[in-house]
Amino acid sequence: MNLSTLGEFGLIARLQQTLAQRPGVRCGIGDDAAILESLSAPIVTCDALVEQIHFRLDWTTLRDLGWKAMAVNISDIAAMGGTPVAAFVALALPQDFAVEQIEELYAGMEEAAAAFAFTIAGGDTTKSPGPMLLSITLIGNATQPVLRSGAQIGDILLVTRTLGDAAAALVALEKGLAVPDELLWRHHKPMPRLREMHTALTIENAVHAALDLSDGLAGDAAHIARASNVTLEIETAALPISASCRAIAATMQKNVFDWALAGGEDYELLLCVAPCKADAVRAAIENGGTPCTIIGRVISQGKVPVMLLDKGTHKPAPGGFAHF
């Protein structure tokens with residue numbers, strides 16, 4: 001069915017039947033605005049995905065796209081130690097977009113909402129003369145938010161799981177190469193590290209600063225360094241890189257560390273942890289099933305935000321992904 005046949009209000013009524021309302025939201029889709037329960041420390045994030053820039057529908061499903069659009073926002077909430085409560089979805093769609101396609105997209109978003117126990121509480125849908133645009137605002141709650149500005153000299157750097165997988169998958173897709181399922185999964189359906197962050201925060205006064213790795217380790221680490229006025233030292237040889245990522249890099253004759261440092265879309269956590277508690281934080285995260293690796297430390301207050309320690313030699317780290 002074409003969207004113009006059903007109409008905007010018909011679409012809203014149809015979506016109301018499939019989207020669950022969960023604790024934290026008093027009134028969701030159906031009124032002029034949503035009503036949330038009182039939040040002690042609200043935090044808000046917003047991410048937009050644009051067709052042909054962030055995704056291509058010829059190699060991703062709408063359901064996976066819906067999950068990913070939610071996941072990148074959940075990842076921001078997780079990095080600050082928060083819990084997601086309510087999401088608001090803005091869609092700009094081409095004229096020929098079918099109602100069934102919108103429902104498939106929302107099915108992916110609702111899958112993420114159910115997995116992380118929050119509500120899709122509202123939004124807007126409009127016609128676009130150009131590519132598809134999907135923008136999500138996610139409201140969460142964090143009683144003790146973790147900021148980028150809290151890193152301290154001597155802190156140990158921890159990173160969850162592996163780096164470079166999503167970037168490797170994207171490059172392989174662009175080249176028309178076969179991509180292992182585990183890499184496709186990391187590109188199409190990233191897993192926000194909400195549980196891992198909450199686990200780390202159970203260890204009192206352990207995590208001083210954190211962020212999620214959306215634009216590449218080197219560039220994102222520099223955000224912490226500048227906010228905290230410190231220098232982060234990253235040991236290149238310690239970076240956790242999967243065998244599949246290394247295999248793709250070898251096939252394409254690429255330097256796998258370029259993907260790990262600057263590839264982007266990992267959506268893993270980078271944590272700055274008190275040195276006396278680093279082993280406890282790592283063990284706690286790994287006990288939940290997610291690998292966690294020590295990759296460096298906070299070394300000084302310096303002009304260079306991130307230094308790579310490579311075979312005993314220091315060199316400035318490359319920048320991460322930037323839109324402009």
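Tutor: Helices here are DSSP runs of H or I with at least four residues, strands are runs of E with at least two, and both are numbered from the N terminus. This is a predicted model, in which local features need pLDDT of at least 70 and side-chain atom pairs count only at pLDDT 80 or more, while totals for chains, interfaces and linings use all residues. Residues are numbered from 1 along each chain as its sequence is written, and side-chain values use heavy atoms, with hydrogens and water left out.

Student: Which residues of helix H6 are buried?

Tutor: A residue counts as buried under 20% relative accessible area, as exposed over 50% and as partly exposed in between, using a 1.4 Å probe and protein chains only. In helix H6, which spans residues 181–188, the buried ones are Leu 183, Arg 186, His 187 and His 188.

Student: At what angle do H5 and H6 pack?

Tutor: An axis is a line fitted to C-alpha atoms, for helices over the stretch in contact, and the angle between N-to-C directions runs from 0 to 180 degrees. For H5 and H6 the angle is about 100°, and their axes are 8 Å apart. Angles under 35 degrees count as roughly parallel, those over 145 as roughly antiparallel, those from 65 to 115 as roughly perpendicular, and the rest as oblique. H5 and H6 are therefore roughly perpendicular to each other.

Student: Which residues of H5 and H6 meet?

Tutor: Contact means heavy atoms within 4.5 Å. On the H5 side we find Asp 165, Ala 166, Ala 168, Ala 169, Leu 170 and Leu 173, and these meet Leu 183, Leu 184, Arg 186, His 187 and His 188 in H6. In sorting them, Ala, Val, Leu, Ile, Met, Phe, Trp, Tyr, Cys and Pro count as nonpolar, Asp, Glu, Lys and Arg as charged, and the others, Gly among them, as polar. The contact of H5 with H6 then divides into seven nonpolar, two polar and two charged residues.

Student: How do H3 and H4 pack?

Tutor: The angle between H3 and H4 is about 40°, with their axes 7 Å apart, and the two helices are therefore oblique to each other. A crossing is left-handed if the near helix is turned anticlockwise from the far one by less than a right angle, and right-handed if clockwise; H3 passes H4 in a right-handed crossing. Among the residues that make the contact are Leu 62, Trp 67 and Ile 74 of H3 and Leu 105, Met 109 and Ala 112 of H4. By class, this contact of H3 with H4 has ten nonpolar, three polar and three charged residues.

Student: What is meant by a nonpolar core, and how many residues has the largest one here?

Tutor: In soluble globular proteins, nonpolar side chains tend to be buried together. A nonpolar core is a set of buried Ala, Val, Leu, Ile, Met, Phe, Trp, Tyr and Cys residues joined through side-chain atoms within 4.5 Å. The largest in this model has 42 residues, and those with the most contacts inside it are Leu 217, Ile 234, Leu 239, Trp 259 and Leu 270. A second, separate core of 33 residues includes Leu 62, Ile 74, Met 109 and Ala 113.

Student: Is Glu 110, a charged residue, buried or exposed?

Tutor: Glu 110 is found in helix H4, residues 99–115, and with a relative accessibility of 11% it counts as buried. Leaving aside neighbours within four places in sequence, Glu 110 is in contact with Thr 18, Leu 19, Ala 20, Arg 22 and Ile 120.

Student: Where do Gln 253 and Tyr 267 lie, and what is the phi of each?

Tutor: Most residues other than glycine have a negative phi. Gln 253, in the loop between H9 and helix H10 (256–262), has a positive phi near 55°. Tyr 267, in the loop between H10 and strand S10 (269–273), also has a positive phi, of about 55°. As for accessibility, Gln 253 is exposed, with a relative accessible area of 76%, whereas Tyr 267 is buried, with 9%.
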